[in-house]
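Visitor: I would like to learn how to read the secondary structure of a model, one feature at a time. Where do we begin?

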Amino acid sequence: MAKRKGTPKQKHIPLRTCIACRETKPKRELTRVVLVPEQGLVIDATGKVNGRGAYVCSRRVCWDQAIKRGALARALRARLAQEDIAMLEAYANSIEEYEVEAELGSSTKASDEQSTT
Ligand SMILES: [Zn+2]
(Lines give C-alpha, C1' and ligand atoms only; values in the text may rest on other atoms or scores of the structure.)
Protein backbone atom coordinates (compact mmCIF):
# COMPACT_ATOMS: atom_id res chain seq x y z
CA MET A 1 0.00 0.00 0.00
CA ALA A 2 2.33 2.71 1.21
CA LYS A 3 5.07 3.77 -1.09
CA ARG A 4 8.52 3.91 0.29
CA LYS A 5 10.80 6.60 -0.90
CA GLY A 6 14.50 6.12 -1.23
CA THR A 7 16.64 3.68 0.65
CA PRO A 8 16.01 2.75 4.25
CA LYS A 9 18.40 4.65 6.43
CA GLN A 10 18.95 4.58 10.12
CA LYS A 11 16.37 7.15 10.91
CA HIS A 12 16.03 8.84 14.21
CA ILE A 13 12.78 7.79 15.77
CA PRO A 14 11.31 10.34 18.13
CA LEU A 15 10.52 8.78 21.48
CA ARG A 16 7.90 9.82 23.97
CA THR A 17 6.97 8.61 27.39
CA CYS A 18 3.52 7.31 28.19
CA ILE A 19 2.18 9.21 31.16
CA ALA A 20 0.46 6.10 32.50
CA CYS A 21 2.98 3.27 32.29
CA ARG A 22 6.07 5.50 31.93
CA GLU A 23 7.39 3.41 29.10
CA THR A 24 9.31 5.16 26.39
CA LYS A 25 8.09 4.30 22.93
CA PRO A 26 8.25 5.54 19.37
CA LYS A 27 6.03 8.56 19.07
CA ARG A 28 3.71 6.94 16.56
CA GLU A 29 2.78 4.23 19.05
CA LEU A 30 1.48 6.84 21.40
CA THR A 31 -1.54 9.06 21.21
CA ARG A 32 -1.13 12.71 21.97
CA VAL A 33 -3.74 14.44 24.05
CA VAL A 34 -3.59 18.20 24.01
CA LEU A 35 -5.19 20.72 26.26
CA VAL A 36 -6.22 23.55 23.96
CA PRO A 37 -7.06 26.73 25.86
CA GLU A 38 -10.37 27.53 24.21
CA GLN A 39 -11.43 24.08 23.13
CA GLY A 40 -10.63 21.85 26.02
CA LEU A 41 -9.10 18.47 25.51
CA VAL A 42 -8.31 17.24 22.03
CA ILE A 43 -7.04 13.91 20.76
CA ASP A 44 -4.27 15.01 18.48
CA ALA A 45 -3.87 12.56 15.65
CA THR A 46 -1.58 14.81 13.63
CA GLY A 47 0.83 15.85 16.37
CA LYS A 48 0.48 19.45 15.30
CA VAL A 49 -2.03 20.86 17.72
CA ASN A 50 -0.61 23.62 19.86
CA GLY A 51 -1.06 23.38 23.56
CA ARG A 52 0.09 21.42 26.54
CA GLY A 53 0.29 17.82 25.45
CA ALA A 54 0.65 14.44 27.06
CA TYR A 55 1.26 11.07 25.49
CA VAL A 56 -0.57 7.86 26.24
CA CYS A 57 0.27 4.62 24.52
CA SER A 58 -2.29 2.70 22.52
CA ARG A 59 -3.28 0.36 25.27
CA ARG A 60 -6.58 0.35 27.04
CA VAL A 61 -5.00 -0.11 30.46
CA CYS A 62 -2.94 3.01 30.04
CA TRP A 63 -6.00 5.06 29.12
CA ASP A 64 -7.82 3.74 32.15
CA GLN A 65 -4.97 4.85 34.30
CA ALA A 66 -4.64 8.17 32.54
CA ILE A 67 -8.32 8.96 32.93
CA LYS A 68 -9.46 7.29 36.11
CA ARG A 69 -6.32 7.52 38.17
CA GLY A 70 -5.64 11.09 37.20
CA ALA A 71 -2.35 10.59 35.38
CA LEU A 72 -3.51 12.74 32.52
CA ALA A 73 -4.80 15.54 34.69
CA ARG A 74 -1.50 15.56 36.53
CA ALA A 75 0.51 15.59 33.32
CA LEU A 76 -1.54 18.44 31.90
CA ARG A 77 -1.72 20.21 35.23
CA ALA A 78 -5.40 20.73 34.77
CA ARG A 79 -8.66 19.37 35.97
CA LEU A 80 -10.49 17.41 33.35
CA ALA A 81 -14.00 18.48 32.55
CA GLN A 82 -16.73 15.88 32.64
CA GLU A 83 -17.22 16.08 28.89
CA ASP A 84 -13.50 15.68 28.32
CA ILE A 85 -13.48 12.55 30.43
CA ALA A 86 -16.44 11.21 28.46
CA MET A 87 -14.62 11.91 25.21
CA LEU A 88 -11.47 10.17 26.45
CA GLU A 89 -13.42 7.17 27.66
CA ALA A 90 -15.10 6.86 24.30
CA TYR A 91 -11.68 6.94 22.70
CA ALA A 92 -10.36 4.33 25.13
CA ASN A 93 -13.30 2.08 24.31
CA SER A 94 -12.51 2.25 20.63
CA ILE A 95 -8.93 1.17 21.39
CA GLU A 96 -10.10 -1.91 23.20
CA GLU A 97 -12.12 -3.06 20.24
CA TYR A 98 -9.20 -2.49 17.96
CA GLU A 99 -6.82 -4.44 20.18
CA VAL A 100 -9.09 -7.45 20.45
CA GLU A 101 -9.32 -7.60 16.70
CA ALA A 102 -5.59 -7.25 16.32
CA GLU A 103 -4.92 -10.06 18.75
CA LEU A 104 -7.23 -12.41 16.93
CA GLY A 105 -5.50 -11.79 13.65
CA SER A 106 -2.19 -13.35 12.83
CA SER A 107 0.89 -11.35 13.58
CA THR A 108 3.31 -12.28 10.90
CA LYS A 109 6.49 -10.40 10.48
CA ALA A 110 6.73 -9.73 6.81
CA SER A 111 9.61 -7.32 6.80
CA ASP A 112 12.02 -9.37 8.83
CA GLU A 113 14.28 -10.34 6.00
CA GLN A 114 16.84 -7.92 4.82
CA SER A 115 17.63 -7.69 1.19
CA THR A 116 21.31 -7.75 0.45
CA THR A 117 22.90 -6.51 -2.67
ZN1 LIG B 1 1.37 3.24 28.53
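Guide: We begin with what counts as a pair: two strands pair if DSSP finds at least two bridges between them. Note also that this is a predicted model.

Visitor: In what sense do β3 and β5 pair, and over how many bridges?

Guide: Strands of a sheet pair through backbone hydrogen bonds, either parallel or antiparallel. Here strand β3, residues 30–36, and strand β5, residues 52–57, pair in the antiparallel sense over 6 bridges. Within that pairing, T31 stands opposite V56 in β5.

Visitor: How many bridges link β3 and β4?

Guide: There are 5 bridges between β3 and β4 (residues 40–44), again in the antiparallel sense. V33 stands opposite I43 in β4.

Visitor: Let us turn to the helix. Which residues of α1 are buried?

Guide: The cut-off first: a residue is buried if 20 or more other C-beta atoms lie within 10 Å of its own, and exposed if 12 or fewer do. In α1, which spans residues 60–68, C62, W63, A66 and I67 are buried.

Visitor: Why do the buried residues line one face of the helix?

Guide: Look down the axis of α1: the buried residues fall within an arc of 125 degrees, so they line one face of the helix.

Visitor: Which loop holds R22, and what is its phi?

Guide: R22 lies in the loop between β1 (15–17) and β2 (24–26). Its phi is near 65 degrees, a positive value in a residue other than glycine.

Visitor: Is R22 buried or exposed?

Guide: R22 has 9 other C-beta atoms within 10 Å, so it is exposed.

Visitor: Where is R77 found, and what is its phi?

Guide: R77 is found in the loop between α2 (71–76) and α3 (82–104). Phi of R77 is near 50 degrees, a positive value in a residue other than glycine.

Visitor: Why is R77 classed as exposed?

Guide: Because R77 has 9 other C-beta atoms within 10 Å, and the cut-off for an exposed residue is 12 or fewer.

Note on methods. Residues are numbered from 1 along each chain as its sequence is written. This is a predicted model: local features need pLDDT of at least 70, side-chain atom pairs count only at pLDDT 80 or more; totals for chains, interfaces and linings use all residues. Helices (H or I, at least four residues) and strands (E, at least two) are DSSP runs, numbered from the N terminus. The arc is that of the directions from the helix axis to the C-beta atoms.
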